[in-house]
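Dear colleague,

I am handing over the structure below, and after it you will find an account of what was found in it. Please read the two together.

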Amino acid sequence: MKILYLVTKSEIGGAQTHVFDLAKHFKMQGHEIAIMSSPGGWLAQKSESLKIKYYPNDFFINTFNPAVMMQAGDALKECLKDFQPDIVHCHSSFSGIVGRMTIKNRIPTFFTAHGWSFNDGVPWIQKVLGIVTEKICAKYSEKIICCSNFVKELGMKYKIAPEEKFAVIYNGVQPSEVNLEDKFKNIDIVKIVMIARLAEPKNPFLLINAYDLLDEETKNKSQVTIIGDGPQTKILRDLVRDNNLFEKIKFTGMVDHGEIPDYLKNAHIFALPSKWEGFPYTIIEAMNYGLAIIASDVGGIKEAVSSDCGILIKEDDSSIWAENLAKLINNFDLIKKMGENSYRKLKDEFDIKIMFDTILNLYKNK
């Protein structure tokens, strides 16, 4: 089977990680794989390392500009002529629109909604455009794969497609072999980590402001590492400096994805303040290394994080975040219990093999 994956950006992120996992797995299973995304970046490099055919598309950018979309579609047509796929699987909004409107399901075309362009919290003009466009594109979708029930329900709420066209398949990761006894032995400093692109919908300001509200004794028991880069980086660093938190909150900038497990192995709490989400990969990556979770109660996060695995907070209120951070930092036994439950749930529900097998069944039953 020849499978072409489309994803808008090549920079590291949840959708790109998902595409690379699928491409790597199905290549190892003997299928012929190609990827199209914007030029350069993490995904292009990873594709080259695995000798996966890679088609750069200069016009894969997030825009509703019709001229850019037509140029992106023309580049896709050239790719289709060259690669001649049996299946096309689109990821992310822009490539999902261009892919489906160009192919019109003449080749079986799947679309994975990692989130919608009309997610709660986006500007209303984008919301309306997103709903109208997705309804049109749904007609040219073999199946719409949703990464959470929340994403499916939002699609149904706006009547994007009939229910039978949707399939919910959770993201998955390869279960780690982390030793939780060693991880939680003799904790002197509670290590909190956040991994994100420092841009909306993520809200690291909430974490920093909450941490600033902690009493000195609680701060002295903990430290925060923020991993990632983005347009908010400078203002976030300035906020940390202005609040005199530079000894307690560290920024790593962008790190290679292969280094992420080292940070998670050595951390105890994973924090993800966010304005909206589909089903973030970073949550299950953190669960895979036995971290207690504190996160915004948005999107599909609650489908992964139950109350025995972490704390979900509905309000964008730094005082409420501070209260719950202190609750965790000052209770090592609670952190350990939540971390153990996170790891157990990851292995039971979010093993990557489940994701691979379910997606392959959809491909075969096209």
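**Helix H14 and what surrounds it in the account**

Helix H14 (residues 318-329) has 12 residues and spans 16 Å from its first C-alpha to its last, close to the 16 Å expected at 1.5 Å a residue, where the expected span is 1.5 Å times one less than the number of residues. Its buried residues (buried meaning under 20% relative accessible area, exposed over 50% and partly exposed in between, with a 1.4 Å probe and protein chains only) are Trp321, Ala322, Asn324, Leu325, Ala326, Leu328 and Ile329.

This is a predicted model, in which local features need pLDDT of at least 70 and side-chain atom pairs count only at pLDDT 80 or more, while totals for chains, interfaces and linings use all residues. Residues are numbered from 1 along each chain as its sequence is written, and side-chain values use heavy atoms, with hydrogens and water left out.

For the protein as a whole, the secondary structure comes to 16 helices and 13 strands, these being DSSP runs numbered from the N terminus (helices H or I, at least four residues; strands E, at least two). The radius of gyration, taken over C-alpha atoms, is 21 Å, close to the 21 Å that the globule rule (2.2 Å times the number of residues to the power 0.38) gives for 366 residues, so the protein is as compact as a globular protein of that length. Buried residues make up 58% of the 366 residues.

An open sheet is formed by 7 strands in the order E3-E2-E1-E4-E5-E6-E7, with parallel pairing; two strands pair if DSSP finds at least two bridges between them. Strand E3 (53-56) and strand E7 (166-168) stand at the edges with a single partner strand each, so one side of each is left without a neighbour in the sheet. Within the sheet, strand E5 (residues 109-113) and strand E6 (residues 143-146) pair in the parallel sense over 4 bridges, and Phe110 stands opposite Lys143 in E6.

Some backbone details also deserve a look. A cis peptide bond, with omega of about 15 degrees, joins Glu200 and Pro201, and Pro201 is found in the loop between strand E8 (190-195) and helix H8 (204-213). Lys104, in the loop between helix H4 (93-103) and E5, has a positive phi near 55 degrees and counts as partly exposed at 35% relative accessibility. Asn244, in the loop between helix H10 (233-242) and strand E10 (249-253), likewise has a positive phi, near 55 degrees, and is exposed, with a relative accessible area of 57%.
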